[in-house]
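Here are my notes on the structure you sent.

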Amino acid sequence: MHGTKILTETDRLMTVCNSCRYCEGLCAVFPAMEMRRAFSDGDLNYLANLCHGCGACYTDCQFSPPHEFNVNVPKTLAIARAESYAAYAWPRAFAGMFARNGLVISLIAAASVAAFIFGFAAMNDRAVLTGVHTGPGAFYKLMPHNAMAALVGVAFLYAIVALAMSMRAFWRDIGEPIGMRTNAKALLQAIRDAGELRYLDGGGVGCFNEDDHPTDRRRIFHHLTFYGFALCFAATCVATLYHYLLAREAPYPWWDLPVVLGTLGGLGLLIGPIGLLAAKSKRDPVLTDEERTGMDAAFILMLFLTSLTGLALLLLRETAAMGPLLAIHIGVVFALFITMPYGKFVHGIYRFVALVRYARERQVMAGGE
Ligand code: SF4
Ligand code: SF4
């Protein structure tokens with residue numbers, strides 16, 4: 001007996017696949033499945049998050065519909081994966097947010113914070129909002145640096161705590177049969193596999209999207225999005241160190257490290273999300289969890305808006321548009337952080353944890369300690 005219908009269906013498919021084993025070379029899901037004879041809820045959530053949704057095992061399967069076995073591994077694991085996000089959400093009371101329209105929630109949060117900053121600036125000095133400000137400290141004419149950092153920092157810290165608690169619950173639930181321990185070797189292997197998106201390659205041929213011709217398109221756009229996000233995060237960290245350690249105030253010149261990192265990351269975050277959304281709109285519905293495309297799209301759109309508003313601010317920071325653009329950008333960043341633990345962002349966390357578990361299991365099977 002399993003906790004949900006989709007886990008019962010996942011168990012049925014994994015039992016069929018465990019007898020067949022035709023797809024064992026395609027990705028990590030099938031070898032991990034073969035290490036088990038029976039599947040707990042935690043095992044099934046682990047396998048669901050190990051799946052990268054490349055679609056290869058549907059195209060290759062001799063038991064896919066209209067066969068009476070009705071085997072559709074990518075779709076079933078996609079639904080199980082989405083339900084696992086809510087199952088491990090922290091706090092539990094917010095689990096329902098995964099089912100709501102994330103984009104509306106994100107846009108309302110972004111607009112509220114932008115309006116708050118507008119109001120804050122207007123109450124102090126209305127002219128500041130539309131004035132032209134240049135040189136170090138120009139951004140803080142609108143709102144003092146500490147107030148701005150506190151606003152975004154609170155949202156960021158909340159996201160980190162909520163994500164860490166969810167990650168812990170997931171890790172505990174998928175702990176058996178090898179227990180809770182991991183090691184540096186497994187961690188490094190998982191970082192490599194996640195960094196390359198190794199299992200999004202359909203076993204070497206590419207990812208299936210709208211037809212039977214696999215390509216690397218989804219992997220490339222995924223890379224642009226992920227590394228774009230990482231570069232933007234690095235830009236923010238460097239700027240924070242500049243501010244507190246070197247007493248250097250933003251905005252920085254175009255050649256300075258935070259701007260270079262932010263611009264490169266911003267470009268990745270513009271192109272990657274557009275490519276992912278285009279691929280998603282064309283994707284064969286037989287491979288996807290159609291009911292939750294809103295959750296995916298909301299997160300991708302928020303990443304795109306973060307980049308768009310950030311780059312617009314960079315280009316127009318020496319004009320009268322700087323004040324309104326800064327308020328909107330901070331609003332979008334705040335909304336991105338606050339909704340992160342309840343949207344598609346979590347797939348990266350759970351998938352990484354599943355890859356760590358998989359690397360560790362492989363070591364144990366190979367006779368490592
Ligand atoms: S997906 Fe189909 S072909 Fe692949 S292992 Fe499962 S039953 Fe066999
Ligand atoms: S969709 Fe791709 S990653 Fe997922 S189980 Fe099938 S082959 Fe593996």
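1. A definition first: Ala, Val, Leu, Ile, Met, Phe, Trp, Tyr, Cys and Pro count as nonpolar, Asp, Glu, Lys and Arg as charged, and the others, Gly among them, as polar. Please also keep in mind that this is a predicted model.

2. The second largest pocket has five nonpolar, two polar and five charged residues in its lining. Its volume is about 180 Å³. Two helices, α9 (184-196) and α14 (346-365), each supply at least two lining residues, and α9 gives the largest share, with six. Among the lining residues are Lys 185, Arg 192, Asp 193, Arg 198 and Arg 362.

3. Two residues of that lining, Asp 193 and Arg 198, also form a salt bridge, at 3.1 Å from N to O. Asp 193 is buried, because its relative accessible area is 3%, whereas Arg 198 is partly exposed at 36%.

4. Which residues surround ligand 1? The shell consists of Cys 17, Cys 20, Arg 21, Tyr 22, Cys 23, Cys 57, Cys 61, Gln 62, Phe 63, Val 71 and Val 73. By class, nine of these are nonpolar, one is polar and one is charged.

5. Arg 21, from the ligand shell, has a salt bridge with Glu 34, where the closest N and O atoms are 4.0 Å apart. This pair links distant parts of the chain, since Glu 34 is in helix α2 (residues 29-34) and Arg 21 in the loop between α1 and α2, 13 residues apart. Glu 34 is buried, with a relative accessible area of 17%, while Arg 21 is partly exposed at 29%.

6. A pair within one helix is Glu 9 and Arg 12: both lie in α1 (residues 5-20), three residues apart, or about one turn. Their closest N and O atoms are 3.0 Å apart in a salt bridge. Glu 9 is partly exposed at 24%, and Arg 12 is partly exposed at 31%.

7. How many salt bridges does a search of the whole structure find? The count is nine.

8. Helix α12 gives the most to the lining, with four residues. By class, the lining has 10 nonpolar, four polar and two charged residues.

Terms used
Residues numbered from 1 in each chain as written. Chains lettered and ligands numbered in written order. Predicted model: local features only at pLDDT ≥ 70, side-chain atom pairs only at ≥ 80, totals over all residues. Heavy atoms only, no water. Near = heavy atom within 4 Å. 1 Å grid on protein atoms, 1.4 Å probe; cavity = no way out; pocket = protein on both sides within 12 Å on 5 of 7 lines; lining within 4 Å. Points joined across faces, edges and corners; volume = space filled by probe spheres on them. Salt bridge = Lys/Arg side-chain N within 4 Å of Asp/Glu carboxyl O. Buried < 20%, exposed > 50% of the residue type's maximum accessible area, 1.4 Å probe, protein only.
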